Amino acid sequence: MNASRQEQEMQQRVFADKCQRLHTHLVGTKSLLREIGEYNRSKWPVHYPLGRMAHQAVAGASSSSSSSGSSSSGLRRTSSMLMGSSDSTLVDEAGPTAMRRAMTAEDVPCSSPSSDSGAGGERLLDASDLSVLRLDLRVSYHGDSSGVLGSLEESSIARLFDERLMQCEAHIDKLIARVADKSSKILVTGDLNAGKSTLVNALLRRDILPFDQQPCTMLFCEVVDASLNGDVEEIHGVSDIGAYNRKDARTYARVGLPDLEDVVMENSEQFQQLKIYTRDVRSDGASLLHNGSVDVALIDSPGLNRDSLKTTQLFARQEEIDVVVFVVNAENHFTLSGQDFLVSAGNEKARIFIVVNRFDAIRRKDRCERMILDQIRELSPLTYAERSDLVHFVSAHEQLAAERAGTRGAESFSRMEKSLRSFALEQRFKSKLAPAQRYAMNVLGDVQYLAAENVAAATKRIQEINALLREGMPRYEALLHERTDSTRQAEAALDDGCAEVRRHTTAHLTNTARHLQDVAEKVPYPGLLSLWAYAESVLLAMVRHLEHEVSECDRFACFTIQHARADLARLEDHRRRLLGDHESKDHSESKDAAASSCGSSSSLTASQLAPIGTISNALDTVQLELSDFVDLDIAHNWAALTSMSTAVTLLASKSMASNALALLRLSSTMGPHTARRLIVASAALIGLGSVFYVLSDMDATVRRKLSARLELMLDEEGFVHHHADRLTTEASRAIRPFVWHLQHTFQRMVEAEEHRRADHLRRRHVAQDSQIYFDELRIKAHSLANLVRAVGNADAASNNSGPF
């Protein structure tokens, strides 16, 4: 006795240790999922494999049409996380349905997936390889499902994946609570009218739950031992399960036993659950509720296909359950709703306790048993492998009838009850911890596969970005060279144009100022009496000539500007050719804006270069002066007299000797008085000749004096320098916008290319970080999966011996 107690205490310590270790690993798994979710939201949208889903949609559509006559031939199990190497033989892949086992955490390779494509270039990983983290991306088949799936944005997939992660975290929270809970919850579920309530009554050996030939259970009924309620039998109607406290009467309503049938069938008060405290007078070794070691709750549920709300509640409720007892009506076998439930529960629970009820009504029992076992083999391979302990064909109604008559019940029911007790109490690792372990293993297996997929995706993205950077480098370097060369040519065109305008203006206006007298010679001289009017005409002609020559300089400047613009336009055309077919909308808009600004600049320059009415401030105030008509320049007059005397001398040189001799003879004959008179007359004649000369040369004097005065005035006010600076400045203003536009557009092209390269580098950096992160994540998940697996491997023999 003492040895048995010591063994029991040792097994309790072993089980408690496993619970603690599994609890720790579940918390670690949840932290890992939370970390992935954060990374998915903030840094790298997790790449989800969609490679062959379109092909599966096509295959699914064709297979569903060809298998519409059979409820199970098209069935495919999503995944199977087997708890040891010995279980790997339990999956029959050669069956008629070609069932395929999904990968488990044990199958994930530890090496980096460098070669992740097959002969067809597709990744070996597919979305169907996932079990828990598999997204529901159902699309109707319209002949082009690949286009529908391909149109899904990466961000949309990331959001769906994030929601799936949160669902898994919530489920792990429930698993953590289940592992920490020392009690055991047994859910009795199945299709409508399968005899679930009858089975619970038969297990209790009492008619507590109402039953009928028609479906009657409308809400969950949890039956527990009365010892949990002070050994008082009561029924509590609970409206809010989360707030329920048996010590607080405000959280429930007491229901009398005579009213139980109406409440269960109608539920007019809209209870969420009934809590039924009852006694089982049998011994601890025979009773399931009152077993002396573990608090057990039997939960009777509504039928699966009563309505969608009840079915959804049942699917959600099974996550809180340790053991699922699935009741099958032997007359109906597994319905579609039952199959869906088992597949959903199979993500966590590899073993389902199945009770085929009303087996006494079947005539050909061997055929019924064979058909149901075939369905179980497809739905739950491990359940089929342990079918002698987990699958039972009974009649709960016969057992109740025998109990009422006080006779011995059927051996099949006793064997089923013993197996359920052993599964729920003695093999608690299988019934309570193994589902949580299985779920954690499935999650970690999915994480490893997704990590491998994302390492491959990040590697591929890095390779693609490197290729883009290599391909773009020659273009970038050529663009930099073209920008430098075009900028140099544009600046040279500006500088050369301005220098040419300055050189031409300076030379042309200097020459014009020096030859104003030549312009005045073209003005007809009307005579001495119109000398003043003549002087005004000469002055006006000189001023107009200056205006004309300034206009000529303006026109030359316009021509130079147009020539420089043509050179810049050729550079702009060359720049546009550099863009080629990749010219973006932004470049087109900048080109239109540049054309508009250049057009406005051209019209502005034309108005600026037009003659402005006055070419010099001094010319606006110039007036005729008396000195303009008198030439007191001795040098000029002396030169004229000298030239005239020289001419007279030359004309009289032939008779000079004879005339001089005659004058000597004549003076000798004249007296002094006569000679004096002759000399005075000669002087007067000479004076009159000089006056006549001055008057006859008056037009030349006016021209000479006015031209000299205007030249001096223009030189004093810097006429030539002013117009050279003005036209050079205007030419620079007219040409420089084109230079600036060319430089700006080249700079935008370079900046756009640099932004693209910077974006590529940023994306490559993110991909490199993600590659490292997911590779470390895969290793971390693999290590955690080994720890979770080790919980079940240690002391495996103790699972089949003793009460724990």
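**Close-up 1. β7 and α14 (428-514) in the lining of the largest cavity.** Both β7 and α14 (428-514) supply at least two residues each to the lining of the largest cavity; helices (H or I, at least four residues) and strands (E, at least two) are DSSP runs, numbered from the N terminus. The model is predicted: local features need pLDDT of at least 70 and side-chain atom pairs pLDDT 80 or more, while totals for chains, interfaces and linings use all residues. Residues are numbered from 1 along each chain as its sequence is written, and side-chain values use heavy atoms, without hydrogens and water. With five residues, α14 gives the most to this lining. The volume of the largest cavity is about 80 Å³, and the count of cavities of 30 Å³ or more is six. A cavity is a set of points on a 1 Å grid over the protein atoms alone where a 1.4 Å probe fits but cannot get out, and lining residues have an atom within 4 Å of a point; points are joined across faces, edges and corners, and a volume is the space filled by probe spheres set on them. Of the 13 lining residues, Lys349, Ala350, Arg351, Lys430 and Pro435 are the closest to the centre.

Close-up 2. Nine strands with mixed pairing follow the order β4-β3-β5-β2-β6-β1-β7-β8-β9, where two strands pair if DSSP finds at least two bridges between them. At the edges, β4 (253-254) and β9 (391-393) each pair on one side only. Strands β1 (residues 184-190) and β7 (residues 323-329) run parallel and are joined by five bridges; Ile186 has Val323 of β7 as its bridge partner. Helix α9 (residues 365-379) packs on the sheet and touches β8 (353-357) and β9, contact meaning heavy atoms within 4.5 Å. Helix α13 (residues 411-426) also packs on the sheet, touching β1, β6 (296-300), β7, β8 and β9.

**Close-up 3. The stacked pair Tyr39 and Tyr773.** The ring centres lie 3.9 Å apart, with 10° between the planes; rings of Phe, Tyr and Trp (its six-membered ring) pair with centres within 6.5 Å, and planes under 30 degrees apart count as stacked. Tyr39 lies in helix α1 (residues 2-42) and Tyr773 in helix α23 (residues 719-793), 734 residues apart.

Notes: Axes fitted to C-alpha atoms, helices over the stretch in contact; angles between N-to-C directions. 1 Å grid on protein atoms, 1.4 Å probe; cavity = no way out; pocket = protein on both sides within 12 Å on 5 of 7 lines; lining within 4 Å. Phe/Tyr/Trp six-rings, centres within 6.5 Å; stacked < 30°, edge-to-face > 60°.
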